[in-house]
Amino acid sequence: MSTAATLKPGSQRLQQVVGDLAATLRSFIRQHRITHDEYRAVVHFLTTTAEKGELPLLLDLYLETTVDEVDGAGRHGSTTAIEGPFYLPDAPLMESPCVLPHRAAEPGDVLIFSGKVRSTSGEALGGAMLDMWQSDIRGCYSHFDLAPEQAPFNLRGRVLADRNGAFEVQTWVPGAYEIPKNGPTAALLRALGRHLWRPAHLHLKVTHEGSQSLTTQLFLRNDPWIDSDVVGAVKQPLIVDLVRHEDPSELAARGFTRPYYSLTFDFVLPDTIAKAA
Ligand code: MBD
Ligand code: FE
(Lines give C-alpha, C1' and ligand atoms only; values in the text may rest on other atoms or scores of the structure.)
(Ligands and ions follow the chains in the order given, each with its own letter.)
Protein backbone atom coordinates (compact mmCIF):
# COMPACT_ATOMS: atom_id res chain seq x y z
CA MET A 1 0.00 0.00 0.00
CA SER A 2 2.06 2.94 1.29
CA THR A 3 5.29 1.47 -0.10
CA ALA A 4 6.74 4.89 -0.96
CA ALA A 5 6.56 5.90 2.69
CA THR A 6 7.78 2.63 4.21
CA LEU A 7 11.36 2.32 2.90
CA LYS A 8 12.61 5.66 4.26
CA PRO A 9 16.32 6.04 5.08
CA GLY A 10 16.98 4.99 8.67
CA SER A 11 13.58 3.32 9.05
CA GLN A 12 13.21 0.01 10.84
CA ARG A 13 11.39 -1.37 7.80
CA LEU A 14 14.43 -0.67 5.59
CA GLN A 15 16.76 -2.35 8.11
CA GLN A 16 14.57 -5.44 8.33
CA VAL A 17 13.82 -5.83 4.63
CA VAL A 18 17.39 -5.36 3.37
CA GLY A 19 18.83 -7.50 6.17
CA ASP A 20 16.43 -10.34 5.51
CA LEU A 21 16.87 -10.14 1.73
CA ALA A 22 20.63 -10.62 2.16
CA ALA A 23 20.08 -13.44 4.68
CA THR A 24 17.59 -15.16 2.32
CA LEU A 25 19.98 -14.93 -0.62
CA ARG A 26 22.93 -16.21 1.45
CA SER A 27 20.92 -19.19 2.59
CA PHE A 28 19.90 -19.77 -1.05
CA ILE A 29 23.60 -19.74 -2.08
CA ARG A 30 24.42 -22.33 0.61
CA GLN A 31 21.45 -24.51 -0.24
CA HIS A 32 22.36 -24.64 -3.95
CA ARG A 33 26.15 -24.51 -3.46
CA ILE A 34 26.37 -21.68 -5.99
CA THR A 35 29.81 -21.62 -7.67
CA HIS A 36 31.90 -18.55 -8.49
CA ASP A 37 31.16 -19.08 -12.20
CA GLU A 38 27.42 -19.21 -11.56
CA TYR A 39 27.56 -16.13 -9.35
CA ARG A 40 29.51 -14.16 -12.01
CA ALA A 41 27.03 -15.31 -14.67
CA VAL A 42 24.16 -13.93 -12.56
CA VAL A 43 25.95 -10.58 -12.02
CA HIS A 44 26.62 -10.38 -15.77
CA PHE A 45 23.03 -11.29 -16.65
CA LEU A 46 21.58 -8.64 -14.33
CA THR A 47 24.03 -6.02 -15.63
CA THR A 48 23.08 -6.74 -19.25
CA THR A 49 19.38 -6.79 -18.39
CA ALA A 50 19.68 -3.37 -16.74
CA GLU A 51 21.74 -1.95 -19.64
CA LYS A 52 19.06 -3.06 -22.10
CA GLY A 53 16.36 -1.44 -19.96
CA GLU A 54 14.72 -4.77 -19.12
CA LEU A 55 15.21 -4.83 -15.34
CA PRO A 56 11.60 -3.71 -14.64
CA LEU A 57 10.37 -6.35 -17.11
CA LEU A 58 12.43 -9.13 -15.54
CA LEU A 59 11.50 -8.21 -11.95
CA ASP A 60 7.80 -7.74 -12.69
CA LEU A 61 7.78 -11.03 -14.61
CA TYR A 62 9.21 -13.00 -11.68
CA LEU A 63 8.10 -11.13 -8.56
CA GLU A 64 5.21 -8.69 -8.98
CA THR A 65 2.42 -11.30 -8.85
CA THR A 66 3.65 -12.19 -5.34
CA VAL A 67 3.66 -8.51 -4.33
CA ASP A 68 0.10 -8.27 -5.64
CA GLU A 69 -0.81 -11.39 -3.64
CA VAL A 70 0.50 -10.10 -0.30
CA ASP A 71 -0.31 -6.39 -0.74
CA GLY A 72 -3.86 -7.19 -1.91
CA ALA A 73 -4.57 -9.87 0.73
CA GLY A 74 -7.92 -9.38 2.44
CA ARG A 75 -8.88 -6.53 0.15
CA HIS A 76 -12.52 -6.09 -0.87
CA GLY A 77 -13.94 -4.82 -4.16
CA SER A 78 -12.63 -5.56 -7.64
CA THR A 79 -9.86 -8.11 -8.10
CA THR A 80 -6.40 -6.58 -8.39
CA ALA A 81 -3.62 -7.48 -10.84
CA ILE A 82 -0.03 -6.37 -11.31
CA GLU A 83 0.94 -3.00 -12.81
CA GLY A 84 3.77 -4.34 -14.97
CA PRO A 85 6.66 -2.39 -16.52
CA PHE A 86 4.84 -0.18 -19.06
CA TYR A 87 2.81 2.31 -17.01
CA LEU A 88 3.39 6.04 -17.63
CA PRO A 89 1.95 8.41 -15.01
CA ASP A 90 1.27 11.40 -17.24
CA ALA A 91 -1.16 10.14 -19.91
CA PRO A 92 -3.50 12.79 -21.40
CA LEU A 93 -6.44 13.81 -19.21
CA MET A 94 -9.85 13.39 -20.84
CA GLU A 95 -13.51 13.31 -19.89
CA SER A 96 -15.89 10.43 -20.59
CA PRO A 97 -17.09 9.81 -23.29
CA CYS A 98 -13.79 10.02 -25.17
CA VAL A 99 -11.41 8.37 -27.61
CA LEU A 100 -7.90 7.36 -26.49
CA PRO A 101 -4.94 8.90 -28.37
CA HIS A 102 -4.32 6.80 -31.48
CA ARG A 103 -2.62 6.88 -34.87
CA ALA A 104 -4.42 8.11 -38.00
CA ALA A 105 -4.71 4.52 -39.21
CA GLU A 106 -4.66 2.65 -35.89
CA PRO A 107 -4.52 -1.07 -36.89
CA GLY A 108 -7.11 -3.57 -35.63
CA ASP A 109 -10.70 -3.22 -34.44
CA VAL A 110 -12.31 -0.48 -32.41
CA LEU A 111 -13.29 -1.39 -28.83
CA ILE A 112 -15.91 0.54 -26.90
CA PHE A 113 -15.13 0.06 -23.21
CA SER A 114 -17.78 1.18 -20.73
CA GLY A 115 -18.95 0.61 -17.18
CA LYS A 116 -19.48 2.15 -13.76
CA VAL A 117 -17.31 2.76 -10.73
CA ARG A 118 -18.89 2.09 -7.33
CA SER A 119 -17.88 1.74 -3.69
CA THR A 120 -18.15 -1.60 -1.86
CA SER A 121 -21.40 -0.30 -0.35
CA GLY A 122 -22.78 0.23 -3.86
CA GLU A 123 -22.73 4.03 -4.13
CA ALA A 124 -21.74 5.58 -7.44
CA LEU A 125 -18.26 7.12 -7.31
CA GLY A 126 -18.81 10.24 -9.41
CA GLY A 127 -15.65 11.70 -10.89
CA ALA A 128 -13.63 8.49 -10.50
CA MET A 129 -10.52 8.42 -12.70
CA LEU A 130 -9.62 5.52 -14.99
CA ASP A 131 -5.97 5.61 -15.95
CA MET A 132 -5.75 3.16 -18.87
CA TRP A 133 -2.86 1.76 -20.90
CA GLN A 134 -2.52 -1.15 -23.29
CA SER A 135 -0.65 -2.48 -26.31
CA ASP A 136 -1.90 -2.06 -29.86
CA ILE A 137 -3.13 -5.07 -31.87
CA ARG A 138 0.52 -5.99 -32.62
CA GLY A 139 1.42 -6.12 -28.93
CA CYS A 140 3.32 -2.80 -28.95
CA TYR A 141 3.20 -0.33 -26.04
CA SER A 142 3.65 3.35 -26.81
CA HIS A 143 6.95 4.91 -25.54
CA PHE A 144 8.45 1.41 -25.15
CA ASP A 145 7.82 -0.42 -28.45
CA LEU A 146 6.50 2.55 -30.46
CA ALA A 147 8.57 5.75 -30.70
CA PRO A 148 6.86 8.55 -28.73
CA GLU A 149 7.42 11.01 -31.61
CA GLN A 150 5.31 8.83 -33.93
CA ALA A 151 2.49 8.13 -31.51
CA PRO A 152 2.67 10.04 -28.22
CA PHE A 153 0.71 8.23 -25.47
CA ASN A 154 -0.79 5.89 -28.07
CA LEU A 155 -3.72 4.02 -26.43
CA ARG A 156 -3.10 5.64 -23.05
CA GLY A 157 -5.32 8.06 -21.20
CA ARG A 158 -6.60 9.27 -17.85
CA VAL A 159 -10.38 9.23 -18.24
CA LEU A 160 -12.65 11.08 -15.83
CA ALA A 161 -15.94 9.22 -15.21
CA ASP A 162 -19.18 11.26 -15.10
CA ARG A 163 -20.99 12.28 -11.91
CA ASN A 164 -22.63 8.85 -11.73
CA GLY A 165 -19.28 7.07 -11.95
CA ALA A 166 -20.10 5.96 -15.50
CA PHE A 167 -17.54 5.95 -18.28
CA GLU A 168 -17.33 5.13 -21.98
CA VAL A 169 -14.01 5.10 -23.80
CA GLN A 170 -13.23 4.29 -27.41
CA THR A 171 -10.02 2.35 -27.77
CA TRP A 172 -8.73 -0.47 -29.98
CA VAL A 173 -8.69 -4.23 -29.23
CA PRO A 174 -5.25 -5.08 -27.78
CA GLY A 175 -3.13 -7.93 -29.14
CA ALA A 176 -1.17 -10.59 -27.26
CA TYR A 177 2.18 -9.28 -25.94
CA GLU A 178 5.49 -11.00 -26.67
CA ILE A 179 8.58 -10.36 -24.48
CA PRO A 180 11.15 -8.65 -26.79
CA LYS A 181 12.62 -11.58 -28.74
CA ASN A 182 16.22 -10.34 -28.83
CA GLY A 183 16.61 -9.27 -25.21
CA PRO A 184 18.10 -10.91 -22.11
CA THR A 185 14.69 -11.73 -20.58
CA ALA A 186 13.70 -13.70 -23.70
CA ALA A 187 17.09 -15.45 -23.69
CA LEU A 188 16.49 -16.62 -20.11
CA LEU A 189 12.94 -17.81 -20.83
CA ARG A 190 14.11 -19.69 -23.93
CA ALA A 191 16.93 -21.31 -21.98
CA LEU A 192 14.25 -22.53 -19.56
CA GLY A 193 12.10 -23.86 -22.41
CA ARG A 194 9.35 -21.30 -21.80
CA HIS A 195 7.33 -19.27 -24.31
CA LEU A 196 7.40 -15.45 -24.39
CA TRP A 197 3.71 -14.55 -24.44
CA ARG A 198 1.13 -12.71 -22.36
CA PRO A 199 -2.55 -12.91 -23.38
CA ALA A 200 -4.07 -9.67 -24.73
CA HIS A 201 -5.00 -7.37 -21.86
CA LEU A 202 -6.03 -3.86 -20.82
CA HIS A 203 -4.27 -2.19 -17.88
CA LEU A 204 -6.14 0.07 -15.47
CA LYS A 205 -5.64 2.15 -12.38
CA VAL A 206 -8.96 3.30 -10.99
CA THR A 207 -8.88 6.05 -8.37
CA HIS A 208 -11.35 8.16 -6.42
CA GLU A 209 -10.89 10.44 -3.45
CA GLY A 210 -11.71 8.55 -0.27
CA SER A 211 -11.32 5.15 -1.95
CA GLN A 212 -8.43 2.71 -2.21
CA SER A 213 -6.84 2.81 -5.66
CA LEU A 214 -7.28 -0.25 -7.82
CA THR A 215 -4.53 -1.51 -10.13
CA THR A 216 -5.79 -4.28 -12.37
CA GLN A 217 -5.89 -5.83 -15.83
CA LEU A 218 -8.69 -7.25 -17.98
CA PHE A 219 -7.85 -10.28 -20.10
CA LEU A 220 -9.52 -11.33 -23.36
CA ARG A 221 -11.02 -14.81 -22.94
CA ASN A 222 -10.40 -16.10 -26.45
CA ASP A 223 -6.70 -15.32 -26.46
CA PRO A 224 -4.54 -18.42 -27.20
CA TRP A 225 -2.30 -17.59 -24.19
CA ILE A 226 -5.08 -17.09 -21.65
CA ASP A 227 -4.11 -20.27 -19.73
CA SER A 228 -0.32 -19.86 -19.97
CA ASP A 229 0.52 -16.16 -19.33
CA VAL A 230 4.34 -16.02 -19.07
CA VAL A 231 3.91 -13.64 -16.10
CA GLY A 232 1.19 -15.78 -14.46
CA ALA A 233 -0.97 -12.73 -13.72
CA VAL A 234 -4.35 -13.89 -15.09
CA LYS A 235 -7.16 -14.19 -12.54
CA GLN A 236 -10.55 -15.72 -13.36
CA PRO A 237 -12.73 -12.68 -12.39
CA LEU A 238 -10.67 -10.49 -14.74
CA ILE A 239 -11.29 -12.58 -17.88
CA VAL A 240 -13.78 -10.77 -20.11
CA ASP A 241 -15.73 -11.38 -23.31
CA LEU A 242 -15.88 -8.84 -26.10
CA VAL A 243 -19.17 -8.42 -27.97
CA ARG A 244 -18.91 -8.05 -31.75
CA HIS A 245 -21.15 -5.47 -33.43
CA GLU A 246 -21.77 -5.69 -37.16
CA ASP A 247 -25.39 -4.66 -37.56
CA PRO A 248 -25.40 -1.84 -40.19
CA SER A 249 -27.80 0.39 -38.25
CA GLU A 250 -25.70 0.00 -35.09
CA LEU A 251 -22.55 0.89 -37.03
CA ALA A 252 -24.28 3.86 -38.64
CA ALA A 253 -25.41 5.16 -35.22
CA ARG A 254 -21.74 5.44 -34.20
CA GLY A 255 -20.54 6.60 -37.60
CA PHE A 256 -18.42 3.45 -38.07
CA THR A 257 -17.93 1.76 -41.44
CA ARG A 258 -16.46 -1.45 -40.02
CA PRO A 259 -17.57 -3.90 -37.31
CA TYR A 260 -16.43 -3.03 -33.80
CA TYR A 261 -16.32 -4.67 -30.35
CA SER A 262 -17.66 -3.63 -26.99
CA LEU A 263 -16.79 -4.50 -23.40
CA THR A 264 -18.64 -3.60 -20.22
CA PHE A 265 -16.94 -3.89 -16.83
CA ASP A 266 -17.91 -2.37 -13.50
CA PHE A 267 -15.28 -1.53 -10.89
CA VAL A 268 -15.72 -1.61 -7.11
CA LEU A 269 -13.35 0.38 -4.87
CA PRO A 270 -13.08 -0.15 -1.08
CA ASP A 271 -13.13 2.92 1.18
CA THR A 272 -9.70 4.06 2.39
CA ILE A 273 -10.59 3.64 6.08
CA ALA A 274 -11.26 -0.10 5.58
CA LYS A 275 -7.54 -0.92 5.27
CA ALA A 276 -5.79 -1.76 8.54
CA ALA A 277 -2.56 0.13 9.23
C1 MBD B 1 3.39 -6.70 -19.95
O2 MBD B 1 2.63 -6.15 -20.94
C3 MBD B 1 2.86 -6.72 -18.73
O4 MBD B 1 1.66 -6.19 -18.56
C5 MBD B 1 3.58 -7.29 -17.67
C6 MBD B 1 2.97 -7.35 -16.32
C7 MBD B 1 4.82 -7.82 -17.88
C8 MBD B 1 5.36 -7.79 -19.14
C9 MBD B 1 4.64 -7.24 -20.17
FE1 FE C 1 0.88 -5.30 -20.23
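Predicted model: local features only at pLDDT ≥ 70, side-chain atom pairs only at ≥ 80, totals over all residues.

Me: Ok, which ring does Lys205 lie over?
Reply: Lys205 lies over the face of Tyr87. The distance from the ring centre is 4.8 Å.

Me: New topic. What are the protein donors of the iron ion (ligand 2)?
Reply: Three residues: Tyr141 through OH, His201 through NE2 and His203 through NE2. They lie 1.9 to 2.1 Å from the iron ion.

Me: How are those donor residues spaced in sequence?
Reply: The pattern is Y-x59-H-x1-H. Tyr141 is in the loop between strand S4 (129-134) and S5, while His201 is in strand S9. So the pair ties together parts that are 60 residues apart in sequence.

Me: Are Tyr141 and His201 buried or exposed?
Reply: Both Tyr141 and His201 are buried. Tyr141 also belongs to an aromatic cluster, together with Phe86, Phe144 and Tyr177.

Me: And His203, what stands opposite it?
Reply: Gln217, which is in S10. Strand S9 (residues 201-207) and S10 run antiparallel, joined by 6 bridges. They form a hairpin with 6 residues between them. In the turn, Gly210 has a positive phi of about 90 degrees.

Me: How many residues of strand S10 are buried?
Reply: 7 of the 7, in residues 214-220. So S10 is largely enclosed by the rest of the structure.

Me: Which way do the S10 residues point?
Reply: Leu214, Thr216, Leu218 and Leu220 point one way. Thr215, Gln217 and Phe219 point the other way.

Me: What else does S10 join?
Reply: Strand S11 (residues 239-240). S10 and S11 run parallel, with 2 bridges. Leu220 stands opposite Val240 in S11.

Me: Zoom out. What is the order of the strands in the open sheet?
Reply: The 6 strands go S1-S5-S4-S9-S10-S11, and the pairing is mixed. The edge strands are S1 (93-95) and S11, since each pairs on one side only.

Me: In which sense do S1 and strand S5 pair, parallel or antiparallel?
Reply: Parallel, over 3 bridges. S5 covers residues 156-160. Met94 stands opposite Val159 in S5.

Me: Back to rings. How many aromatic pairs does the structure hold?
Reply: 11. One of them is Phe113 with Phe267, an edge-to-face pair. The centres are 6.3 Å apart and the planes are at 90 degrees.

Me: Where in the chain are Phe113 and Phe267?
Reply: Phe113 is in strand S3 (residues 110-119), and Phe267 is in strand S14 (residues 267-269). They are 154 residues apart, and the pair links distant parts of the chain.

Me: Why does Phe113 count as buried?
Reply: Because its relative accessibility is 0%, and buried means under 20%. Phe267 is buried too, with a relative accessible area of 0%.

Me: What kind of pair do Phe256 and Tyr260 form?
Reply: Edge-to-face, with 5.1 Å centre to centre and 75 degrees between the planes. Phe256 and Tyr260 are both buried.

Me: Last one. Where is Leu188?
Reply: Leu188 is in helix H5 (residues 184-191). Its relative accessible area is 25%, so Leu188 is partly exposed. Leaving out residues up to four places away in sequence, Leu188 touches Phe45, Leu58 and Tyr62.

Key: Residues numbered from 1 in each chain as written. Chains lettered and ligands numbered in written order. Heavy atoms only, no water. Buried < 20%, exposed > 50% of the residue type's maximum accessible area, 1.4 Å probe, protein only. Helix = DSSP H or I, 4+ residues; strand = E, 2+ residues; numbered from the N terminus. Pairing = 2+ DSSP bridges. Contact = heavy atoms within 4.5 Å. Donors = N, O, S within 2.8 Å, 3.2 Å for Na, K, Ca; no water. Phe/Tyr/Trp six-rings, centres within 6.5 Å; stacked < 30°, edge-to-face > 60°. Lys NZ or Arg CZ within 6 Å of the ring centre and 35° of its normal.
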